[in-house]
Amino acid sequence: MKRYLTVFYLFLMLSVGSFAQQSAVYTSDDVTFKKAVALYNNGQYLAAQPLFQRIGREAEDDGLKSECAYYAANCAVRLNQQGADAMMEAFVADYPTSVRRNSAYIDVAEYYFENGKYSYARKWYDKVDDTRLNRSDLERFYFNNGYAYFKSKNWDEAKTYLNRVADSKNYGSQAKYYLGFIAYENDSYEEANDYFDQVGDNPAYNEELSYYQADMNFKLGNFQKAIDLGKEQYDSAAPKERSELAKIIGESYFNQEKYAEAIPYLQEFKGRRGKWNNTDYYQLGYAYYKQGQYAEAIAEFNKIVDGRNSVAQNAFYHLAESYLKLDKKQEALNAFKNASEMDFSAEIQQDAWLNYAKLSYEIGNPYTSVPQVLASYMDTYPDSEVNAELQTLLIDSYITSKNYEEALNLLEREKDPASKAAFQKVAFYRGIELILDNEYAEAEGYLDRSLTQKLDAAFTARATYWKAQCDYELSNYADALVGYRQFSQLTGSAATPEWRDFKYHKGYVHFKLKEYDSAIEDFKSFSASTADLDLKNDALLRLGDSYFVTSKYWPAMEHYNMAIEGGVPSTDYAEFQKAISYGFVDRNPQKIEGLKNFASKYPRSAYKDDALYELGNTYVSIDNIPEAMRTYDQLVQDVPQSSYVPRALLKKALLLDNNNESDEALTIFRAVVADYPGTPEALQAVSSAKLIYIDQGRVDEYGSWVSSLDFVEVADSELDDATYKAAEQSFLANNKRQAITRFKTYVEDFPNGRHALQANFYLGQLYYGEQEYAETIPHYTYVVEQPRSEYTEQALSRLSQVYLESEDYAQAIGLLEQLEQVADFPENIIFAQSNIMKSSYELDRYEQAVTYADKVLDNPKIDTKVKSDAQIIIARSAWQTGDMEKAKSAYNEVNKIASGSLKAESLYYKAYFQNADGEYAASNETVQILAKDYSGYKEFGAKGLVIMAKNFFALDDAYQATYILESVISNFADYPEVVSEAEAELATIKAAQAKTNASVETGGTN
């Protein structure tokens, strides 16, 4: 602006010169004063100032003192010295009658004005008495005042002074220019145009006026004129003005709907302070959208972050449309949802909501259940013409969303038949979901709810079937049988997928109820018709068992052979049963051959000790005593933890006694008593030893020995037996409470009685059946602490289960480790290993957890659920120990076989590792599966969304990233750790976007 004011600065120097001439009146004879004035006029203020100050101190003439004070103060002002203003104020105060008083104010004000210090200039202009100024000085005073106010953007005061010189010959053009600019800033474009037109011929203003006139015409809606004016100077404009002109031209074309012409100019805009705002991105994005350049449109629209206005709503709607054009449905879902949450345009809001609802149905919804989205639309727009279509989708969505719990809550409020039919199906599917998680009691409740609406015959039959399955798993076999029979009688049951395996499961119920003839009928029918080889082989095995139990040994052997040929996993069991069966049909040679081969063929089988014991007994039955003795010895040596060891030793001792080797027999009897005190074998050993002692005349020795045994109370034996028998009778009569009372009396009266082992075991069983789990502990513990017996295995299993239920994992592990070592039944070994695995993980013993998970996986007989549990333990443990590769591999295995919550977990980690490997698009596809098929598992859904947001940010889609994170923060408050991660990620993304987008707020989330 200084180039327009040169004339005023020249005036200041002339005034100083004239003042110097006036001062000669006082100093014509004073050479020093003249020298000081000369220095002052030459701008040598630092040299002049001390001369003026010295002359002022020494002069006697008041006029000379006044002039020196004035000059010294002016030097201080020009030297920008501290206290300069005070010196000038002192001059005015000390010489109030000086003719230089008004000139002093003007001189200081114009000095500050000349140097661009307009606020300082304003201070001194306010002191000037303008009535004492001549016309020329007054015009300059008005213009300078107006310009100073203009620079401080005090438009009203600026206009007041500039209007006073608008018609001035010297200042009029400049005043009109600034008055035009003030009108422009106040959006008074007609007024601004009028002023600018009056000075448009002045070359000094022409370049700047062209930009303002182009902008004003744009703002007045004169788009073509704005384009023409802008283009006139576009090529020659400086970079900053060129950027602004590009915006004016591009936006003018945009408003004329000439999008192809608009794009290159909109692209050339550099932003304000290097940043665009949401409107800038919207206009370029919309221009691309209208040209069918959807990828380019998305690249602009998705930079609109934090938008909460009509521009943002419009942008998000067209962003969604662009995504749909490129078949990016998940991205479109988020954009439609965002647009539907704004009400700046009711029409856009409704259409966006409809698209959001339909897409939710099609691909799933990670934020809200699909039924709720559809129902919300219909509630909000009850007169919409699409509601009939949406009603159909709503019913189907209750099932396809798999978010059964939330769906049921919605359906229970609906009374129409369609909703009741959907309720029947959804309750059924929720029950099945719980069955997959082994939650049978809870599942049964949902199946009962499904059966309250018997509108669909097929689902009525299926719910009946699975309710029977739950009863079976809960050991309610009689109820299960009733359920299976009801299923078989229901209309349409034969058309259900459950019919295929119905007789297999019904056969198992009969088997558990010891209704073997009925079990044979069902297993036979099933095995003859099924194509499932695994189930067929198992049915053949159970057929063999059913025949065996009913003493039909030839058919039993036939079906054991069929199971073996079919490759049943329990081949060792089938082989053992077949060998045993030969003995019952007087085929001892075949039995012996089978049992001998078994011991060598299956050295690690749980039935090895059974085979050896039975082989020894068979040798005894054919009077082959040496082989019997050798076999019993092999059993003791190979399987020392077996419950058959004390029996084998007892058998061996009896054989020795019968062979007149009484001393050797006595040694073994005493060893059995010492190693297995309190067991039936120990009691029998005492009785047998007694006969030897009597026969050898060593009665005193026997008495001394027996008196040392705390489990033998000879004097009380009859009372001991009677008390126990009374309790046992109540137990066999199923009078549970009476049995508990009588067994308690027995163990209190005979803590070391002959039947203490059995009494404690039965007490444990009775309390367990009554679900009084804490009461079982001392009784099962007693059994477990005794030497190995026929009750040890089941006591260990039940006692460990009690501790597992109470989450006392440390206690449980010790028992499970014992169970693993002594178990005869394979299912108990699996139970022990799988629960040691889980308990170790709960106790942060990750290495032990993985060791046992590997053991579980090495067992070919485990089912898919146990395999899934093992893989998840490996995965979680590897994650906890930082072994990411192992965790990744294990989660991949889980994903292949898991269902329910484990499937949701494995999908989340699959997405996590895909993100870590830079497979962002694939990771998003995984999260979409998680959102669509497992939306009921909210925590993993929320964590998956955070991964999806990271993926989108990595794919340069900041809009998707921020919107997803804001949705997580809004919708998943129940998971504070996930929300905290989302907030941190959102802050990072917004900080990055704020560098280029002026509309982004980084202080928090919206």
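Select Lys608 and Asp638 to begin, where the two side chains meet in a salt bridge with 3.4 Å from N to O, a salt bridge being a side-chain nitrogen of Lys or Arg within 4 Å of a carboxyl oxygen of Asp or Glu. Lys608 lies in helix H34 (residues 608-621) and Asp638 in helix H35 (residues 625-638), so the pair ties together parts that are 30 residues apart in sequence; helices (H or I, at least four residues) are DSSP runs numbered from the N terminus. With a relative accessibility of 12%, Lys608 counts as buried, whereas Asp638, at 35%, counts as partly exposed; buried means under 20% relative accessible area, exposed over 50%, and partly exposed in between, with a 1.4 Å probe and protein chains only.

Before moving on, note that this is a predicted model, in which local features need pLDDT of at least 70 and side-chain atom pairs count only at pLDDT 80 or more, while totals for chains, interfaces and linings use all residues. Residues are numbered from 1 along each chain as its sequence is written, and side-chain values use heavy atoms, with hydrogens and water left out.

**Further salt bridges**

By the rule above, the count comes to 44 salt bridges. Select Lys578 and Glu575 next, a salt bridge in which the closest N and O atoms are 4.0 Å apart. These two residues are three apart in helix H32 (residues 571-584), so about one helical turn separates them, and both Lys578 and Glu575 are buried. Then go to Glu341 and Lys337, whose side chains form a salt bridge at 2.6 Å, N to O; here Glu341 is partly exposed, with a relative accessible area of 46%, while Lys337 is buried at 8%. Finally, select Glu110, Asp137 and Arg140 together, which are linked in a network of salt bridges.

**Two helix pairs**

Two packed helices are described by the angle between their axes and the distance between the axes. Show helix H53 (residues 958-971) with helix H54 (residues 976-994), whose axes come within 9 Å and cross at roughly 150°; axes are lines fitted to C-alpha atoms, for helices over the stretch in contact, and angles run from 0 to 180 degrees between N-to-C directions. That makes H53 roughly antiparallel to H54, since angles under 35 degrees count as roughly parallel, over 145 as roughly antiparallel, 65 to 115 as roughly perpendicular and the rest as oblique. The crossing of H53 and H54 is left-handed, a term used if the near helix is turned anticlockwise from the far one by less than a right angle. To see the contact (heavy atoms within 4.5 Å), select residues of H53 including Leu965 and Ile969, and residues of H54 including Leu986 and Ile989.

Now show helix H14 (residues 239-255) and helix H16 (residues 278-290), whose axes come within 11 Å and cross at roughly 50°. That makes H14 oblique to H16, and the crossing of H14 and H16 is left-handed. The contact is made by Lys247, Glu251 and Phe254 of H14 together with Asp280, Tyr282, Gln283, Tyr286 and Ala287 of H16.

**A last stop at Ser360**

Select Ser360, which lies in helix H20 (residues 346-363) and is buried, with a relative accessible area of 0%. Leaving aside its neighbours within four places in sequence, Ser360 is in contact with Leu333, Asn365, Val370 and Val373.
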